[in-house]
Amino acid sequence: MRRYITRKEFLREMGLLSLLIATDGHCFWGKDKEREKADIRGRVFKGDAPKKPWKWSIEGFYYTTNGEDVQCMVCPNRCYLTPGDRSVCRSKVNIAGKLYSIAYGNPCSVHIDPIEKKPLSHFYPATEVFSIAAAGCNFRCLNCQNWEISQRKPEEVHHGELFPADVVRLTKERNIPSIAYTYSEPISYYEYMYDTARLAREEGIKNVLVSNGYINKRPLEDLSQYLDAANVNLKSFDDDIYRRLNGGRLQPVLNTFKVLHEKGIWFEMTTLVVPGYVDKPEMIKRMCGWILKELGPDYPLHFLRFFPRYKLNRLPATPVRTLEELRDIALREGIHYVYLGNVPGHEAYDTYCHNCHKLLIERHGYYIAKFNINHGRCKFCKTPIPGRWGS
Amino acid sequence: MSLTDLIIISVIGTGISSISVQLITVREFLSQFYGNEITISLVLFCWLMVSGLGSLASKLLKRKSITLYSILALITGLFPLIQITAIRLFRDAIFIHGESPGFYPVFFFILILSAPYTFFIGFILPYSLAVIKATRQTFTAGKLYILDNIGDITGGVLFSFILVYFLSPFKIIALTSFLLILISLALILCLRRYFLFMGAFLSVVVFFAFAFEKRFELSTLANQYGLNIVSYRESPYGRIVLTKERGEYTFWESGSPIFSTFNITTAEEKVHYPLCQLDRVEDVLLVSGGMGETFDEILKYSPHRIDYVELDPTLIKVASQSGLLSPHEQVNIILTDGRGYIAEGRRRYSAIIVDLSEPDTFQLNRFYTKEFFDRAKGVLRKDGVLSFSLIANPNYLSEVRVKKLSSIFNTVKGYFQNVLLIPGEEVYFLASDGELDADIPRRLRERSIATSYIQGFYYGNVTEERIKSINDAMNPDEFINTDFQPRVINIMFTEWFKKYGTSPNWFIGALLGLLVFYLFFIRREEYVLFSTGFAAMGVEMLILFSFQVIYGYIYLKVGAIITCFLLGLLPGAVLGNRWKKRGKHVLMNAEVGMLLLLAVYLIWARFYQSRVPELIFFLYGFSFSLLCGVQFPVAAEIIGEEKSPAAGLFAADLVGAGAGTLAIGTLLIPLLGIQAAIIALILIKAASTMLILRAYRIR
């Protein structure tokens with residue numbers, strides 16, 4: 001066996017190596033178009049399902065079968081699962097040819113929050129909401145502040161036991177008017193949410209969905225019969241950003257807004273203004289144009305200030321001026337109610353009549369200092385104020 | 001001057017250049033990725049391992065050519081500029097802008113981007129020996145080792161004590177590579193390769209033009225920070241960048257945004273949670289985090305004095321110049337290490353507010369140990385409050401975070417009668433011997449202090465149920481975090497890996513496999529050098545760690561310790577060269593010396609841990625590396641150039657150093673503590689001693 005190479009051979013090898021490096025480099029340099037397509041959408045977890053359903057399992061509500069294989073139809077991921085596979089959201093599994101949700105009655109987070117925290121500014125202000133979450137999410141947002149439950153399997157988190165009837169009973173016992181399905185992604189525990197919402201409606205308790213809106217039409221329509229309000233993230237108005245920062249697509253989210261609108265569900269929209277991504281005035285203009293055309297001017301839009309979180313922690317906080325500018329754009333375009341979030345003390349927390357522009361609700365954080373709405377109308381000009389105000 | 005003399009000088013030039021480039025590269029990667037101990041260790045590991053491979057590769061090349069050497073030397077001089085530029089540009093080309101990637105992507109990025117240069121560095125040193133020996137037979141690997149050390153020391157001292165204070169990375173590269181580039185050009189000229197010289201000269205002109213062009217350097221930072229860079233400084237502690245967007249500032253320290261203007265929530269939580277507990281606030285000690293609204297909030301209590309301790313003077317300078325640190329007559333800025341300042345106990349305070357990042361480095365862990373809390377209590381007035389915060393999700397406490405919070409909770413609880421956790425945006429720890437009240441808005445109302453966030457949002461975000469839930473979740477059986485057993489760092493590593501859903505086990509397994517494979521094939525004397533490289537880096541990490549714990553992180557002193565390690569190698573190598581004929585006796589004596597030194601360290605760490613004069617640390621570092629230095633020429637002499645060229649010896653030393661860095665820095669100290677790390681080093685060295693002894697007996 002030859003041990004050494006000659007100088008010529010060495011130089012040739014080095015030349016080839018340099019060429020290889022240069023080619024690789026070229027691939028990186030020429031990646032602009034591919035970068036635009038960078039996609040962090042989740043994948044099915046092959047062979048990751050438990051052997052048998054556990055106590056907190058229920059057969060999925062929406063799925064099709066192909067022999068032993070199943071396809072979940074709850075969200076646009078439409079996970080195709082062979083036996084033993086786990087869905088993108090980590091909460092659905094194929095066990096012996098049946099689709100199970102394993103996030104049913106096992107909430108990992110249970111709290112009582114102010115309704116304004118969801119955020120919902122036009123839905124029974126200053127009331128409390130019983131908030132629950134089970135593990136899982138069909139997105140992969142790089143800035144998720146709840147990643148310890150949204151990016152975990154139901155078996156990996158500490159959880160309690162609250163089956164739908166228990167959730168409703170507890171809410172009623174505490175005299176709380178509504179239940180929110182929140183924190184992680186409720187669409188990943190759709191069955192648990194659906195059954196709880198149905199029972200809650202029977203007891204006169206309202207249901208609030210706080211979601212990324214990544215859900216198929218039929219499950220949403222079915223859920224809508226029990227829904228009273230929703231806060232749905234409109235994370236950007238650009239499919240590329242949806243894929244790069246959130247691991248999802250834009251169009252299904254837009255469809256969700258349309259369904260909620262058609263079904264008469266009160267909803268508010270939230271956009272986290274991520275610097276360098278979701279802060280382009282032109283994009284916000286397009287977004288407002290779509291909202292006005294498809295949904296009308298009455299649904300409130302919340303612009304939230306971004307702070308570095310989770311994996312997206314090497315970006316600055318959103319300048320307050322940027323938020324103000326986007327708010328001005330949205331108002332100018334014709335959206336009636338545009339709020340800012342994560343900017344304590346800012347006047348954009350308050351509600352102004354879209355007709356006479358007088359102060360309707362003066363908020364100090366979650367507290368209401370002034371409330372100038374009577375029976376859902378502006379106290380000054382009597383214009384109906386969109387929302388759900390109660391008596 | 002002969003061609004051989006020029007090559008000899010170029011070896012020194014390589015040392016000067018390579019050590020500076022190594023330090024710049026570590027800083028660059030820390031600015032690009034999350035700067036915990038794992039990243040630091042990965043960079044050093046990749047560097048040492050690929051250099052080792054480079055050394056091994058030079059074994060393969062049979063024919064020795066001065067022209068080839070000259071070209072390689074020139075590339076070694078010019079390449080660092082391309083390397084640093086590539087790191088900055090490829091970072092955002094490969095990863096999503098603003099994202100912190102996980103362990104494996106970071107590892108491969110570091111490996112790929114640093115590999116070409118480190119490979120050259122590893123390759124060129126033994127290759128230079130081969131080229132020199134072609135004309136000067138008497139020149140030995142030991143002499144080469146000495147020359148390399150002279151270059152390393154010169155480069156290290158130049159960088160650490162002079163250049164880092166005044167120049168940006170590109171200019172430092174240009175200056176420290178100057179000698180190497182000059183000699184390379186001279187070599188090519190002497191060889192009368194005129195066409196080659198023309199090309200080389202042109203490359204050098206382009207190199208210096210780019211290196212000294214400030215706009216070019218700034219443009220390479222634009223990917224990361226955007227185009228609105230107001231200030232860019234390289235301080236000894238890291239990269240300070242200030243950007244301004246829509247009239248609002250963001251302060252970046254080594255690539256992380258540490259502060260943005262109008263962050264009312266953080267300022268109020270940080271200040272009012274502890275201060276409102278006190279009936280009277282006389283003086284406040286703030287450890288870091290003094291920018292923005294912080295002082296305005298503290299001044300609402302009308303304290304007589306606020307002492308603000310910040311480590312990095314550059315940070316203060318930039319903040320003051322941009323108006324982010326508005327002058328107040330009560331505020332007294334102290335530029336030193338916070339832990340060291342508290343240990344001195346010069347003054348007593350009503351409250352100490354520690355506003356530092358998570359304890360994921362040895363430097364930061366010092367602020368979350370029982371020793372620190374003990375000293376902090378010592379400078380607090382009666383019933384004074386200590387406060388600090390740690391990251392946790394207010395909606396859900398994961399197992400690893402319960403572990404982290406419990407460990408710190410138990411540690412601080414050992415020194416204060418009351419410890420209260422408030423789950424705000426972060427979890428705030430309040431510790432005092434006086435009563436602590438979680439009803440912050442009520443306390444503020446009583447004192448007529450107005451706030452934007454707390455009065456509006458506290459009751460909704462920090463409910464009684466959430467406060468109870470987090471305080472009840474603390475596990476009293478969780479271990480105590482100490483200076484010399486910094487196990488919270490290990491929890492931080494686990495948290496980091498969980499964030500990315502990855503495990504380092506594959507990496508560790510693969511490395512162990514490769515290491516066993518490597519150790520199986522090397523010679524006995526090469527193993528001695530491997531273990532010496534391992535122990536040298538391991539001891540350097542231990543000394544740096546211990547020194548920081550006791551004296552605080554003072555850049556110049558830490559730099560001086562590293563220099564002592566470098567300095568010790570030189571006389572060691574000279575002595576080794578002189579005594580090399582005595583062979584195994586010298587090798588054995590050096591082994592025994594190292595074992596004794598390690599035993600002394602172990603006894604100190606086990607029984608004393610008391611304050612020892614700083615000089616002892618410097619002397620210890622010098623002595624240990626002196627013994628390491630002795631071994632190289634002796635081992636080279638024993639094996640002989642025929643059996644194993646210098647390449648194999650350099651490789652053994654470098655591979656050992658890489659393994660030592662990773663094993664001691666990221667595994668043993670965080671997992672098992674300092675004593676276990678010393679014992680591991682003793683075992684590694686004892687094994688090499690046994691090998692030498694066995695060789696004696698066979699003879």
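User: Before we start, how are things numbered, and which residues count?
Analyst: Residues are numbered from 1 along each chain as its sequence is written, while chains are lettered from A and ligands numbered from 1 in the order in which they are written. This is a predicted model, where local features need pLDDT of at least 70, side-chain atom pairs count only at pLDDT 80 or more, and totals for chains, interfaces and linings use all residues.

User: New topic: what order do the strands take in the open sheet of three strands in chain A?
Analyst: The order is S1-S6-S5, with antiparallel pairing. Strand S1 (58–59) and strand S5 (92–95) of chain A are at the edges with a single partner strand each, so one side of each has no neighbour in the sheet.

User: How many bridges join S1(A) and S6(A)?
Analyst: Two bridges, in the antiparallel sense, and S6(A) covers residues 98–101. Strands pair if DSSP finds at least two bridges between them. Glu59(A) sits opposite Tyr100(A) in S6(A).

User: Over to chain B. What domains is it divided into?
Analyst: Domain 1 (1–221), domain 2 (222–256), domain 3 (264–482) and domain 4 (504–699). Those bounds come from an automatic or database domain assignment.

User: How many residues are in contact between domain 1 and domain 4 of chain B?
Analyst: 35 residues of domain 1 are in contact with 34 residues of domain 4 in chain B. On the domain 1 side, H5(B) has the largest share, 14 residues. By class, that side of domain 1 of chain B has 20 nonpolar, 11 polar and four charged residues. The C-alpha centres of these two domains of chain B are 25 Å apart.

User: How do H3(B) and H4(B) cross?
Analyst: Their axes come within 9 Å and cross at roughly 170°. That makes H3(B) roughly antiparallel to H4(B), a label for angles over 145 degrees. Axes are lines fitted to C-alpha atoms, for helices over the stretch in contact, and angles run from 0 to 180 degrees between N-to-C directions. Their contact has 20 nonpolar, four polar and no charged residues.

User: Last one: is helix H18 of chain B mostly covered or uncovered?
Analyst: H18(B), residues 453–461, is mostly covered, with seven of its nine residues buried. Buried means 20 or more other C-beta atoms, placed from the backbone, lie within 10 Å of a residue's own. The buried ones include Tyr453(B), Phe457(B) and Asn461(B).

User: What covers them?
Analyst: The cover includes strand S16 (359–364) and strand S17 (367–371) of chain A, together with helix H10 (264–275) and helix H17 (440–446) of chain B.

Key: Helices (H or I, at least four residues) and strands (E, at least two) are DSSP runs, numbered from the N terminus. Two residues are in contact if their C-beta atoms, placed from the backbone, lie within 7 Å. Ala, Val, Leu, Ile, Met, Phe, Trp, Tyr, Cys and Pro count as nonpolar, Asp, Glu, Lys and Arg as charged, and the others, Gly among them, as polar. A residue is buried if 20 or more other C-beta atoms lie within 10 Å of its own, exposed if 12 or fewer, and partly exposed in between; C-beta atoms are placed from the backbone. Angles under 35 degrees count as roughly parallel, over 145 as roughly antiparallel, 65 to 115 as roughly perpendicular and the rest as oblique.
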